[in-house]
Amino acid sequence: MTENFVMSAFEPIADANAHSQETGMPPALEPLNELPTTPSTTSYEGGANAHPPLWQPTEPQFTKAIAEYYGVSRKSVQQWFQKVKDACPWFAEVDLKLPDERYTLLCIELMGGYRTSGLPFEAWKAQLWEQNPDLVAAYQASEACSHKYPEGPKTASITVQESDTALMVPGIQPLHLTVIDSTQRLTEAISSLNTTLQQFVSNDQTLEDALKQNAAQKGSRLGTELAIAEIGSMMQATEAARVELAKKLGLLSIPPDPPQQQSA
């Protein structure tokens, strides 16, 4: 909002009396409450230049610094601040004064413009309003809206009201259901199934044991047969060795070899 504000309204007018004649206002006089309560060494009052030039610092300032520059009391600066708020109601206070009690650059320029204008407050305010018609129009529209809706614009609402008309509800025939409880039979079936499974496991274990025993028996029989065969082989070898030894000792007669047939 501050960007569109016309600052030329704060420039001092060379001939305040001429401006008063044009607007039909009495000659401009310095408000009595603007005079410092005590003389200041930096005051320009009574000189050729009645007021120091407009101060445009580069950062926000406290009341003391502004009062020292313009040679007035701190109370006068505080009164200027109130006049700025009254003359520019479209500005929020945060636009004019910081939380640490320093005045913003905008506020310092407005207060300095009022101080150096040489105009009474109402004339200075009228000049500001003439220089800023857009801000004035927006402010007046906002004020008109607030007066039209002092508690804010009305919003849509819903009111719940009880009905005296009875509602016709058709009757519904009762529903008859028969539920068959098969819990007992299901329990018996589960028990029978468990018994069958246990018997199956037992049979499987018995079959496994029988197979193991059969395999062991087959192994024993095979081992016995192998032992008998080995003993037979040993006996045959022993008998052959005994006969051969007997022959060598002459204990047995050696039968002559059979005659060989001559070929024709």
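**Surface.** I started with the surface: the protein chain exposes about 20,600 Å², and carbon and sulfur atoms supply 57% of that area. Areas here are Shrake-Rupley values with a 1.4 Å probe, and for residues only the protein chains shown count as cover.

**Ground rules.** I noted that this is a predicted model, where local features need pLDDT of at least 70, side-chain atom pairs count only at pLDDT 80 or more, and totals for chains, interfaces and linings use all residues. Residues are numbered from 1 along each chain as its sequence is written, and side-chain values use heavy atoms, with hydrogens and water left out.

**Overall make-up.** I looked up the secondary structure and got 7 helices and 0 strands. Elements are DSSP runs numbered from the N terminus, with helices being H or I of at least four residues and strands E of at least two. Of the 264 residues in the protein chain, 21% are buried; buried means under 20% relative accessible area, exposed over 50%, and partly exposed in between (1.4 Å probe, protein chains only). I also checked contacts (heavy atoms within 4.5 Å). Among those between residues at least 6 apart in sequence, 64% join residues at least 24 apart.

**Helix α2.** Which residues of α2 are buried? I found T63, I66, A67 and Y70. Seen down the axis of α2, they fall within an arc of 100 degrees, so they line one face of the helix. The arc is taken from the directions from the helix axis to the C-beta atoms. The cover over these buried residues includes α3 and α4. Just after α2, G71 takes a positive phi of about 70 degrees.

**Core.** The largest nonpolar core has 28 residues, and I66, V77, W80, L96, Y103, M111 and W124 touch the most other members. Such a core is a set of buried Ala, Val, Leu, Ile, Met, Phe, Trp, Tyr and Cys residues joined through side-chain atoms within 4.5 Å. The elements giving two or more residues to this core are α2, α3 (74–87), α4 (105–117), α5 and α6 (133–148). The largest share, 6 residues, comes from α4.

**Rings.** I counted aromatic pairs next: Phe, Tyr and Trp rings (the six-membered one for Trp) pair if their centres lie within 6.5 Å, with planes under 30 degrees apart stacked, over 60 edge-to-face and the rest tilted. The count comes to 11. W55 and Y69 have ring centres 4.9 Å apart and planes at 20 degrees, so the pair is stacked. W55 sits in the loop between α1 (16–23) and α2 (63–70), while Y69 is in helix α2, 14 residues apart. W55 counts as buried at 19% relative accessibility, whereas Y69 is partly exposed at 26%. Ring pairs also link W55, Y69, Y70 and W80 into a cluster.

**Charges over rings.** My cut-off was NZ of Lys or CZ of Arg within 6 Å of the ring centre and within 35 degrees of the ring normal. The charged end of K83 sits over the ring of F121, 4.9 Å from its centre. K97 lies over the face of F81, at 5.2 Å from the ring centre.

**Last look.** Where is V94? I found V94 in the loop between α3 and α4, and V94 counts as exposed at 62% relative accessibility.
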